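Hi everyone, thanks for making time.

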Amino acid sequence: MIFIMAAGGGAGRGTVESLLRQGVPAQEIAGGARNPSKLDWMVAAGAHAHMADYEDPASMVEVFRDIDTLVLIPTMSAPEARCMEHRNALLAAKSAGVRRVVFLSIQSGGNESRFLMTPFFVFAEDATQRSGMKWTIARMSLYADPLADWLPDLVRMGRLPYPVRNGRVAYVSKADVSNALAATVRRSDLDGEILEFTGPASLSMTEVAAEISIAAGVTIPFASITDKEYGDICRAEGCNEGMITGMTSLYHAVEAQEFARATSDVEQLTGTKPESVSEAILRLRRDR
Ligand SMILES: NC(=O)c1ccc[n+]([C@@H]2O[C@H](COP(=O)([O-])OP(=O)(O)OC[C@H]3O[C@@H](n4cnc5c(N)ncnc54)[C@H](OP(=O)(O)O)[C@@H]3O)[C@@H](O)[C@H]2O)c1
């Protein structure tokens, strides 16, 4: 039995749907959420849905029994809280007899990272490797999907404004991450492996702007801006100061090339080339 934590979120649902598409029988798939009614779609598909709260170890021990492979998709909590959530899940899994953990992590500069969320991923990867269970870690690059949400604003502004000069990113779509994560779960030969889920190419911001321009049908050039200008844009879009600090640190990490590496892992796992930024944006906007 495969169990997916945070199955009601974007990455969790995508992974469950991909497992089903890849032919895993629904009765061999279970999902956990704080409110299992958010997983009614899983029950309708013939899979199992449980209450499983990262903050409540007992809720996890109970539903992790008879689970072979546990997929840990982190929440969006602050780093300290996320560390406790991950620790709770690993302890619960170990005591329930789970054999293998697959952890969805992120590319980063490790202990030298400029991104404020990275300490969680460093802790969680280390704790996963020391858990005493078999493990596979899948590090993703940045999602391309938010660029699709941002497209109308980019067209309005007439530029792609980021506080970046030379940083490159191998943007990957959430759909490709979910498909590759599902394929990883199905593989029995990836114990102790650290995979990297990226898009097909490592792009400069000028190249990202060119991809966005293809999807938009108008030219949207890249504009390298200051941290302050970026903060002002985020504030005007309704972000709070904590979000702005976190996002600015993310682009400092981009500048430090923490998300620059492109790999062939998605294609090797899924048999399909990952989407380019323009392909992902066009699909996401078409499917709305
Ligand atoms: N690569 C990137 O660019 C990028 C960007 C953003 C995020 N991420 C990563 O992507 C992952 C999540 O993405 P997503 O799209 O799936 O996010 P999402 O759609 O916001 O889903 C987060 C899920 O976490 C669940 N959750 C929150 N607290 C929980 C708890 N205590 N116990 C159990 N479940 C809990 C939420 O359930 P409820 O419905 O109960 O709230 C929700 O289903 C995170 O690991 C984050 O680090 C990556």
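So, to start: in which helix is the place of T184? It's in helix α7, residues 174–186. Before I go on, two bits of housekeeping. What you see is a predicted model, where local features need pLDDT of at least 70, side-chain atom pairs count only at pLDDT 80 or more, and totals for chains, interfaces and linings use all residues. Residues are numbered from 1 along each chain as its sequence is written. As for names, helices (H or I, at least four residues) and strands (E, at least two) are DSSP runs, numbered from the N terminus.

Back to T184, then. Is T184 buried or exposed? Buried, because T184 has 23 C-beta neighbours inside 10 Å. The rule is that 20 or more other C-beta atoms within 10 Å of a residue's own make it buried, 12 or fewer make it exposed, and anything in between is partly exposed, with C-beta atoms placed from the backbone. Setting aside neighbours within four places in sequence, T184 is in contact with V102, T136, A138, L190, L195 and L269. Contact here means that the C-beta atoms of two residues, placed from the backbone, lie within 7 Å. There's also V266: 82 residues away along the chain, yet its C-alpha atom is 9.6 Å from that of T184.

Now, α7 has a partner, α1. The axes of these two helices come within 8 Å and cross at roughly 55 degrees. That makes α1 oblique to α7. In this scheme angles under 35 degrees count as roughly parallel, over 145 as roughly antiparallel, 65 to 115 as roughly perpendicular and the rest as oblique. The axes are lines fitted to C-alpha atoms, for helices over the stretch in contact, and angles run from 0 to 180 degrees between N-to-C directions. Residues of α1 in this contact include G10, A11 and L19, and those of α7 include K174, L181 and V185. By class, the contact divides into seven nonpolar, six polar and one charged. For the classes, Ala, Val, Leu, Ile, Met, Phe, Trp, Tyr, Cys and Pro are nonpolar, Asp, Glu, Lys and Arg are charged, and the others, Gly among them, are polar.

The α1 helix turns up again at the ligand. Which element gives the most to the shell around the ligand? That's α1, with three residues. Both α1 (10–21) and β5 (100–106) supply at least two each. There are 23 residues around the ligand, and G9, G10, A11, P74 and T75 come nearest. Near means a C-beta atom, placed from the backbone, within 6 Å of the molecule or strand. The shell has 12 nonpolar, six polar and five charged residues.

Most residues other than glycine have a negative phi. A6, though, has a positive phi, near 55 degrees. A6 sits in the loop between β1 (2–4) and α1, and counts as buried because it has 25 C-beta neighbours inside 10 Å. Phi of D66 is positive too, near 70 degrees. D66 lies in the loop between α3 (57–64) and β4 (69–72), and is exposed, with 11 other C-beta atoms within 10 Å.

Last stop: α4 (residues 79–96) and α5 (residues 118–129) pack at about 15 degrees, axes 9 Å apart. So α4 is roughly parallel to α5.
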